[in-house]
Amino acid sequence: VTVSYTDAAGDGASGSVIQDSAGTDASSFQNQAVTNNTPAPASVTVRDATVNGNQLVVAFNASNDLDLTAITGNPGFAVTGANNSPITVSSVRVNPDKTVTLTLARAVTNGETVKVSYTDAAGDGASGSVIQDSVGTDASSFQNQAVTNNTPAPAPV
């Protein structure tokens with residue numbers, strides 16, 4: 001970031017110029033470097049994940065709400081079940097409560113070990129198939145997040 005200033009009125013003239021209390025104009029300057037102290041936006045990170053049947057909910061830590069319109073396709077989720085076998089993600093929905101619901105192609109069974117991963121393929125701030133907050137900060141990639149399995153045991157026959 002740079003800043004420039006031109007004393008257009010001339011020394012001692014009044015008007016839209018920067019002056020000290022004695023009326024002396026600030027000198028013109030060009031392309032002065034400025035230190036940018038704007039803090040980086042807070043990251044969007046996974047908090048936890050739960051599954052019940054074919055509905056897997058990933059909760060995020062985010063200072064801002066998640067962008068409900070950022071999803072235009074498959075946003076990079078991968079789910080594994082028993083023996084690390086892949087479970088296809090059929091659809092993804094961003095919810096107003098800072099969660100994302102993944103509909104799985106099959107229901108998980110009671111007691112099945114489930115893990116979820118997410119890859120931010122677009123890069124921070126890019127639009128498209130990404131999970132991001134309302135100011136454009138992408139969710140951080142994560143791998144093999146343990147999922148709490150709340151799928152009930154089958155009813156006895």
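Mentor: Let us begin with contact, which means heavy atoms within 4.5 Å. This is a predicted model, where local features need pLDDT of at least 70, side-chain atom pairs count only at pLDDT 80 or more, and totals for chains, interfaces and linings use all residues. Residues are numbered from 1 along each chain as its sequence is written, and side-chain values use heavy atoms, with hydrogens and water left out.

Trainee: With which residues is Ile 131 in contact, leaving aside its neighbours within four places in sequence?

Mentor: Among them are Phe 60, Leu 66, Ile 71, Phe 77, Val 94 and Tyr 118.

Trainee: Why is Ile 131 called buried?

Mentor: Buried means under 20% relative accessible area, exposed over 50%, and partly exposed in between (1.4 Å probe, protein chains only). Ile 131 has 1%, so it is buried. Its place is in the loop between strand S9 (114–118) and strand S10 (142–149). Strands here are DSSP runs of E with at least two residues, numbered from the N terminus.

Trainee: What makes the pair of Tyr 5 and Phe 29 tilted?

Mentor: Rings of Phe, Tyr and Trp (its six-membered ring) pair if their centres lie within 6.5 Å; planes under 30 degrees apart count as stacked, over 60 as edge-to-face and the rest as tilted. By this rule there are four aromatic pairs. For Tyr 5 and Phe 29 the centres are 6.1 Å apart and the planes stand at 35 degrees, so this pair is tilted. The pair links distant parts of the chain, with Tyr 5 in strand S1 and Phe 29 in strand S2.

Trainee: Are Tyr 5 and Phe 29 buried or partly exposed?

Mentor: Tyr 5 has 13% relative accessibility, so it counts as buried. Phe 29 has 34%, so it is partly exposed.

Trainee: How do you know that S1 and S2 pair?

Mentor: Two strands pair if DSSP finds at least two bridges between them. Three bridges join S1 (residues 2–5) to S2, and the strands run antiparallel. Within this pairing, Tyr 5 stands opposite Phe 29.

Trainee: And why do strand S6 and strand S7 stand at the edges?

Mentor: Eight strands form an open sheet in the order S6-S5-S9-S10-S3-S4-S8-S7, with mixed pairing. Strand S6 (86–87) and strand S7 (89–94) each have a single partner strand, so one side of each is left without a neighbour in the sheet.

How values were computed
Helix = DSSP H or I, 4+ residues; strand = E, 2+ residues; numbered from the N terminus.
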